[in-house]
2 protein chains.
Amino acid sequence: MRRPTIRDVARTVGVSAQTVSRVINNHPDVAPDTLARVQQAIKDLGYAPDVLARSLISGRSHTIGIVAYGLEFYGPSRLLTGIEHQAAELGYSITLNLVHRPELAEVKHLLNMLKARRVDGVIWAIPEIGSNRKLAREISLDASLPMVFVNGDPTAVGATLIGIDNVAIGRIATQHLAAGGARKVGIVTGLADWWEAQQRVAGWRQALGDCGLSVEESLIVEGDWSAESGRQAAIDLLYRHPTLDAIFASNDQMALGVMFAAHKLGRRIPEDLSIVGVDNIPEAARFWPSLTSIRQRLREAGGRAVRALDALIGGPDRGSHDISAQTTLLQPELIVRASSR
Amino acid sequence: MRRPTIRDVARTVGVSAQTVSRVINNHPDVAPDTLARVQQAIKDLGYAPDVLARSLISGRSHTIGIVAYGLEFYGPSRLLTGIEHQAAELGYSITLNLVHRPELAEVKHLLNMLKARRVDGVIWAIPEIGSNRKLAREISLDASLPMVFVNGDPTAVGATLIGIDNVAIGRIATQHLAAGGARKVGIVTGLADWWEAQQRVAGWRQALGDCGLSVEESLIVEGDWSAESGRQAAIDLLYRHPTLDAIFASNDQMALGVMFAAHKLGRRIPEDLSIVGVDNIPEAARFWPSLTSIRQRLREAGGRAVRALDALIGGPDRGSHDISAQTTLLQPELIVRASSR
DNA sequence: CTGAAAGCGCTTACAG
DNA sequence: CTGAAAGCGCTTACAG
């Protein structure tokens with residue numbers, strides 16, 4: 001009942017284990033007759049090489065470690081889907097590590113575990129909070145563990161990073177609102193310590209400046225990415241600025257909450273209040289009214305991250321290509337619907 | 001620059017590798033002085049045992065394989081989060097395999113890969129379509145690979161399964177609508193070949209019968225779980241049955257689409273049309289109007305699946321407990337909001 | 001309390 | 001074209 005080993009195959013055919021190994025690995029120089037008999041035996045016995053034993057000797061596990069966060073959100077889910085898809089295509093398995101609080105303490109422990117599992121590389125896809133990335137980067141360099149970051153500060157020295165241009169997200173959304181005639185544009189940000197949230201605010205500032213609109217700090221309210229926080233933020237904003245005619249919500253869930261508040265307060269969308277969200281989740285088209293949003297190419301970002309990591313790992317001819325750290329920023333795209341003028 | 005091995009530690013201290021192994025594994029019978037010196041050396045060198053080598057010899061990888069689907073949906077994401085959380089707690093790593101089309105062909109390939117990776121067990125969380133589960137079950141028995149199924153037909157012989165009572169979901173939703181005075185209750189189903197979708201329809205039928213309401217086949221429209229399909233289905237239903245006063249949508253996304261259609265057609269919610277969804281996604285509370293929905297305890301289902309698998313695998317004293325196949329059905333819960341009378 | 005030997009399942013030079 | 005030997009990093013009996 002034990003799984004058959006390479007030795008079992010060898011015994012069946014009457015050759016050495018070495019010969020079977022050659023067949024498995026498509027080495028040349030196997031007599032056609034031997035080849036056929038070995039292949040037959042492999043089929044008969046249902047033999048499959050033990051990946052663990054192979055990894056032990058080759059030093060490569062063909063596994064990549066994913067450190068991710070907040071799978072209950074749309075963005076991270078899409079990203080993971082993209083990662084898994086591309087990884088499977090390149091022959092990697094994925095070890096998933098979900099982080100609940102992206103804090104310092106866990107970083108070292110996480111990477112130690114991944115190293116002990118001999119992952120070939122790591123994709124670091126938790127938000128940049130405090131110096132957790134810096135630490136991860138240091139450890140990866142120390143251990144010469146290939147690592148690719150997803151999102152976060154692209155100016156971090158020496159790190160390979162695949163990201164979305166979050167400043168552009170804020171800018172595009174705000175420009176669109178201004179172009180539609182908005183004079184006073186509020187913003188509901190994501191959690192303030194998230195890099196992405198900060199960048200979107202920066203884009204909002206830029207665009208207001210460019211359009212000659214005033215930037216008041218009271219136009220900024222922090223949300224926590226949830227619909228409920230969007231609702232509360234909208235109530236705050238509209239109370240502070242009765243003449244507010246547009247709100248940029250940093251994700252679609254919060255935009256939903258903003259809409260809810262607007263309905264409740266009797267503001268017509270988009271006549272009285274224009275609203276733009278971020279993510280372009282599939283449901284956004286069926287919000288009432290349908291939501292103008294910004295599409296991020298998260299699946300593609302995930303796929304690119306894997307390809308970049310694969311290049312760092314070295315592929316078949318390991319180390320032959322010296323890939324220097326590089327940053328890729330994908331551009332977001334505006335999807336106009338009924339919630340904005 | 002190479003990772004230190006057990007031999008490096010041994011050499012540093014001046015003992016045998018065997019002694020170091022005893023320290024790592026907390027075996028008794030190590031002289032206190034030796035113990036201390038070995039532990040010091042382990043720290044100094046930053047030694048961590050190679051999980052691969054350990055697995056090779058122990059036959060246990062402390063890794064479980066997850067076969068999942070549709071991470072971009074809320075349900076599967078939550079489930080995976082629950083699985084990962086409990087797995088980490090029990091010391092398992094997770095290998096994630098996303099399936100794009102849950103069809104026959106991939107089953108064998110998938111399980112072969114997982115077996116080659118020497119996973120200790122598998123959680124099978126893709127929808128039951130056709131006989132994909134039967135095949136998976138057979139292979140797992142053949143290979144004596146512990147396997148736990150999530151959702152799907154609980155009457156399948158001999159399989160350990162953690163599920164949600166989907167018939168109850170349909171029944172609770174429909175009873176609630178009837179209790180609110182609905183006389184004609186339409187249903188927007190999920191994809192027809194999904195077990196969950198079928199069960200919810202069955203619950204809807206049961207409840208209509210119990211309440212003495214008529215079950216007409218034209219009250220059933222198939223959706224594909226998306227908001228857009230919900231919108232179209234609602235238009236169909238309201239066209240066929242102008243007197244329809246309630247719609248049960250098999251998930252919240254489709255419920256959102258139903259609401260969209262109702263707004264568009266000028267039906268007031270809930271005065272003219274009551275609506276109930278399923279999943280109770282966080283956004284449901286901020287749909288306009290806020291959506292009555294059915295909560296499934298998916299995170300808990302994930303956690304339970306891991307614990308059940310751990311029991312099958314055998315824990316520390318492997319095989320000492322003979323866990324016979326068993327089924328657990330979690331009960332759903334109605335969350336009443338403004339979309340239903 | 002401690003060590004020498006064998007082996008988990010495979011692959012990599014090295015002979016022939 | 002094929003095989004005997006050594007070894008990847010660890011653990012498991014077996015001696016002492």
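Two residues are in contact here if their C-beta atoms, placed from the backbone, lie within 7 Å. The structure is a predicted model.

**Contact between the chains**

By that criterion, the contact takes 43 residues from chain A and 44 residues from chain B. On the side of chain A that touches chain B, at least two residues each are supplied by α4, α5 (74-89), β2 (93-99), α6 (104-116), α10 (227-240) and α11 (252-265) of chain A. The largest share of this side, 6 residues, belongs to α11(A).

Chain A is superposed on chain B by a rotation of 180° with 0.1 Å of shift along its axis, at an RMSD of 0.1 Å. This is the relation of a two-fold axis. Within chain A, A:Thr95 has the C-alpha nearest the axis, 2.4 Å from it. Of the interface residues of chain A, 100% are also interface residues in chain B, so the copies meet through the same surface.

**Surface near DNA strand D**

There are 24 residues around DNA strand D, of which A:Ala31, B:Thr5, B:Ile6, B:Ser21 and B:Ala53 come nearest. Two or more residues each are given to this surface by α2 (17-24) and α4 (51-58) of chain A, and by α2 (17-24) and α4 (51-58) of chain B. Its largest share, 5 residues, comes from α4(B).

**Residue classes**

The table lists both surfaces by class.

Note on methods. Residues are numbered from 1 along each chain as its sequence is written. Chains are lettered from A and ligands numbered from 1 in the order in which they are written. This is a predicted model: local features need pLDDT of at least 70, side-chain atom pairs count only at pLDDT 80 or more; totals for chains, interfaces and linings use all residues. A residue is near a molecule or strand if its C-beta atom, placed from the backbone, lies within 6 Å of it. Helices (H or I, at least four residues) and strands (E, at least two) are DSSP runs, numbered from the N terminus. Copies are superposed by least squares on the C-alpha atoms of residues with pLDDT of at least 70 in both.
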